[in-house]
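Subject: Structure handover

Hello,

Here is the structure for you to look through. My notes follow below it.

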Amino acid sequence: MPDYLEQKRAKNKGELERVIVEGKHQPIVTKEEFERVQKMMAEKDAQMGQRRKNKGVHSDDLWRRKMRCQCGHAFAKTKWHTKTDFITYTYKCYDQTRTGTIAARLKNGLGIENVCRSPLVQDWKMYTMAQKVLHAVFDDPEGTLLDAAAVLGCGIAGVEQSEVLWDKEIIEEQLKKERGRYETLLDMRMNNEIPKEVFSRKQQEVGEKIAELEQRMAQYGDVEPATEADVSGKLENLQKLMGQSAMPEDGEFSEEEMDKYVSGVRVYEDRFEWLLNLSPDAGGGLDDAGSPVYFKKITVTPDDERAWFRKHPQWSKSNRYAELEAWIFI
């Protein structure tokens, strides 16, 4: 889409309707040849196995490999700030590189329906969270094993997870009720029991409520009660991990240790889910984690973030400190 004022081409992110016209240009290959090649490519892909979206990101960057958005996409890495010879980076959901972020779309007067709501994540936030997550697990091995045994022993949810599941159940009931109201409105309108104006107003109200509840449900992710199959072998692996791991001498975990002990991080609008790797020698990433079990929740405070910057003065300091919620899974 050309920008006639600036004489530049601008990407169409929904401002104008897109139209596909077939047969306007002389084809390079026939339609039959094209379809035959597509079939061959599909067969080859099937032979290599079913692939999940963005599974197995290969990158030299730690967080490109570890992070996954709530919508299923990987994260793109872009420059954030340059300080002398040191560059800090930010990570953005790949889907937002296509649609634009929520803030950018609102600024340009565009709709935000079905647009990924995951935030931009600066690299310093990931490093700050990683330190606190790993310290929460390794600082007190005996306490970690006792807490894990309480969660895993009977295959049931821990106290905090029970609260999450209870909230999720309440929202599910509300969502069921609102969907029932929506169906009732449709029936009443079809039977001409309410005027069109009233129907339109009520339909919008109920539709907005359903959208809000669906968004809240999405933020709970896949938190479910732990089952016997989920917990099988986890406590034993955690015990081995506690016995093999040593605290860093300077009190700070290296990037190599982060890579070793963290299988992946799933990013949501309001939280980060950190999945521990209970078998570091076996490797594996977020897609190979099986059935993670909720362990505990921690909060990274602005004071934690300021303390991290004091230890790493080469990073460009942030002027926007905010609490970060990290849920740890094992």
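Lys 125 is buried, at a relative accessible area of 18%. Buried means under 20% relative accessible area, exposed means over 50%, and partly exposed lies in between (1.4 Å probe, protein chains only).

Before the rest, some ground rules. This is a predicted model, in which local features need pLDDT of at least 70 and side-chain atom pairs count only at pLDDT 80 or more, while totals for chains, interfaces and linings use all residues. Residues are numbered from 1 along each chain as its sequence is written, and side-chain values use heavy atoms, with hydrogens and water left out.

Lys 125 lies in helix H5. Helices (H or I, at least four residues) and strands (E, at least two) are DSSP runs, numbered from the N terminus. Leaving aside neighbours within four places in sequence, Lys 125 is in contact with Leu 120 and Leu 324. Contact means heavy atoms within 4.5 Å. Thr 90 is 35 residues from Lys 125 in sequence, and their C-alpha atoms are 9.4 Å apart.

H5 as a whole is mostly covered, with 14 of its 16 residues buried. Its length agrees with expectation: 16 residues at 1.5 Å a residue should span 22 Å, and the end C-alpha atoms are 23 Å apart. The expected span is 1.5 Å times one less than the number of residues.

**Whole chain**

The chain has 12 helices and 10 strands. Of its 330 residues, 37% count as buried. Take the contacts with a separation of 6 or more: residues 24 or more positions apart account for 66% of them.

**Cores**

A nonpolar core is a set of buried Ala, Val, Leu, Ile, Met, Phe, Trp, Tyr and Cys residues joined through side-chain atoms within 4.5 Å. The largest has 45 residues, and Trp 63, Met 126, Phe 272 and Trp 274 touch the most other members. Helix H5 (residues 123-138) gives this core its largest share, nine residues. Beyond its neighbours within four places in sequence, Trp 63 has contacts that include Tyr 91, Asp 123, Met 126 and Trp 274. A second, separate core has nine residues, among them Ile 194, Ile 210, Leu 213 and Met 217.

**Sheet**

Five strands form an open sheet with mixed pairing, in the order E3-E7-E8-E10-E9. Strands E3 (67-69) and E9 (294-300) are the edges, each pairing on one side only. Two strands pair if DSSP finds at least two bridges between them. E3 runs parallel to E7 (residues 262-267), with three bridges. Cys 69 stands opposite Val 267 in E7.

**Cysteines**

How many disulfides are there? The count is zero, where a disulfide is a pair of cysteine sulfur atoms within 2.5 Å. Cys 71 is in none; its nearest cysteine sulfur, that of Cys 69, is 3.5 Å away. Cys 116 is in none either, and the nearest cysteine sulfur is again that of Cys 69, 3.3 Å away. Cys 116 is buried at 7% relative accessibility, whereas Cys 71 is partly exposed at 29%.

Asn 192 is in the loop between helix H7 (159-190) and helix H8 (196-219). Its phi is near 60 degrees, a positive value in a residue other than glycine. Asn 192 is exposed, with a relative accessible area of 60%.

Best wishes
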